[in-house]
Amino acid sequence: MLDIRTQVGIVGAGPAGLLLAHLLAVAGIETVVLEKRSREEIAHTHRAGILEQGTVDLITALGLDARLRSEGFTHHGIELRVDGEARRIDFADLVGRSVQLYPQQEVFTDLADGAAARGLDVRFEVTDAELEGIEGESPAIVFTDTDGARTRLACDFIAGCDGSRGISKRAIPDELRTDNFREYPFGWFGILTEAPPSADELIYAHSPHGFALISQRTPTTQRMYFQCDPSDDPDRWTDEQIWDELDRRTAAPGFALTHGPIFDKTVIPMRSYVCEPMQHGRLFLAGDAGHTVPPTGAKGLNLAAGDVSVLARALERHYREGKGDLLATYGATALRRVWKAQHFSWWMTSMLHTHPDANSFDNRRQLGELDLVTTSRAGSTYLAEAYTGWSLIPTAPGYLDPASALGEVLASQLRGSGDMSPSR
Ligand code: DHB
């Protein structure tokens, strides 16, 4: 067994794990990041494409925003299309904020390139990782390195950033863990197509035939989704059938969806999940390891950015100021933002999808809700505020200490978002 040591061992090199490693590096805290998958596999897994303003500000403060600026697109609103009628939600007007369309796998590439440039220790394709001693003073991650050497990484703390199917959350004993879970009776059929954009902004379409979302990627490739049976087989659908389905769900006067060759098809399950607590002993969960949202509203990566901001500052407080208060309350603090976003993701999903067992009352009520949200300033302001995102960290004492190395980085996203609301 090879013995190595670091301050914070991070399980998972997705956006949560890499963002945490970058933030801790700013605070002068040493990390080793261990990842099961290859770098190529993560970089080629298609994920959602919307970054909240706070997430953009955080990436910018870390100096990793060059490609996000040159290849991403700023969106100042979205269209809700209600049975063929366009209802725009104007984020800029309602809350003075915007979002960035820039896919998660590109964020990953920027974080991984930045980690290499910064000299961070990130190891891909390690196997058989196990957590040891998380309830004691000296936890460890035991794993097999790419050269086959069984290795013991001793650390002060472990950050579980290994996604919804990772090992970390299962290390919290069953009798202490509550798995808050909901499954939806539909999934999303996602496609990538070679075509120019069909609209300037994203279209979230409610229709009697089911939900559809017209998103974008580049001037020549587009991302689109439509509500489907969660057990559907993507290969069962021909391109023609897919376009028929997308056309009838997005039909509106004067609108024509631009078709093109489809080069990727997947069925995405829809789940809501929150693990409580998000910390146990010296283990701290962050990102999808602690919670999953259904994709409507694209909150996944943004929630991870919030978790790791809170965790990084709590660890900095421990190491630099000798205070364990923020670490002790990490889970409870992160969960407040998580549950707000859980509600938003559930609400967008419920409001926009066709429910298989809905009766005429349910359907008419849903249209009443969409009418309210798109015609009342109060209603649309809630959507705009939640979609563009709340501040990543609380403004409570201790989080924004200007004397701390992270204080400046974390404060940047509050200034950018203009959101100085108290810690809710
Ligand atoms: C995308 C995905 C989403 O879930 C969403 O709400 C908006 C955009 C996307 O992949 O582009």
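This is a predicted model: local features need pLDDT of at least 70, side-chain atom pairs count only at pLDDT 80 or more; totals for chains, interfaces and linings use all residues.
Reader: Which residues line the second largest cavity?
Author: Residues are numbered from 1 along each chain as its sequence is written, and side-chain values use heavy atoms, without hydrogens or water. The volume here is about 40 Å³, counted as the space filled by probe spheres set on grid points joined across faces, edges and corners. The lining is Pro197, Ser198, Ala199, Glu201, Ile214, Ser215, Gln216, Gln222 and Met224.

Reader: Which residues lie nearest the centre of the largest cavity?
Author: The whole structure holds 3 cavities of 30 Å³ or more. The largest has about 100 Å³ of space. Its lining divides into 10 nonpolar, 4 polar and 1 charged. Of these 15 residues, the nearest to the centre are Ala48, Gly49, Leu213, Tyr225 and Ala298.

Reader: Is Gly49 buried or exposed?
Author: Gly49 touches Gln100, Leu101, Tyr102, Pro103 and Arg217 (heavy atoms within 4.5 Å), leaving out residues up to four places away in sequence. Val107 is 58 residues from Gly49 in sequence, yet the two C-alpha atoms are 9.5 Å apart. Buried means under 20% relative accessible area with a 1.4 Å probe on protein chains only, exposed over 50%, and partly exposed in between. Gly49 has 6% relative accessibility, so the residue counts as buried.

Reader: Which residues touch the most other members of the largest nonpolar core?
Author: A nonpolar core joins buried Ala, Val, Leu, Ile, Met, Phe, Trp, Tyr and Cys residues through side-chain atoms within 4.5 Å. The largest has 93 residues. Its most connected members are Tyr204, Leu383 and Tyr387.

Reader: How many residues are in the second, separate core?
Author: Met224, Ile242, Leu257 and Ile262 are among its members. Met224 also lines the second largest cavity. The size of this core is 17 residues.

How values were computed: On a 1 Å grid over the protein atoms alone, a cavity is a set of points where a 1.4 Å probe fits but cannot get out, and a pocket is an open set with protein on both sides within 12 Å along at least five of seven lines; lining residues have an atom within 4 Å of a point. Ala, Val, Leu, Ile, Met, Phe, Trp, Tyr, Cys and Pro count as nonpolar, Asp, Glu, Lys and Arg as charged, and the others, Gly among them, as polar.
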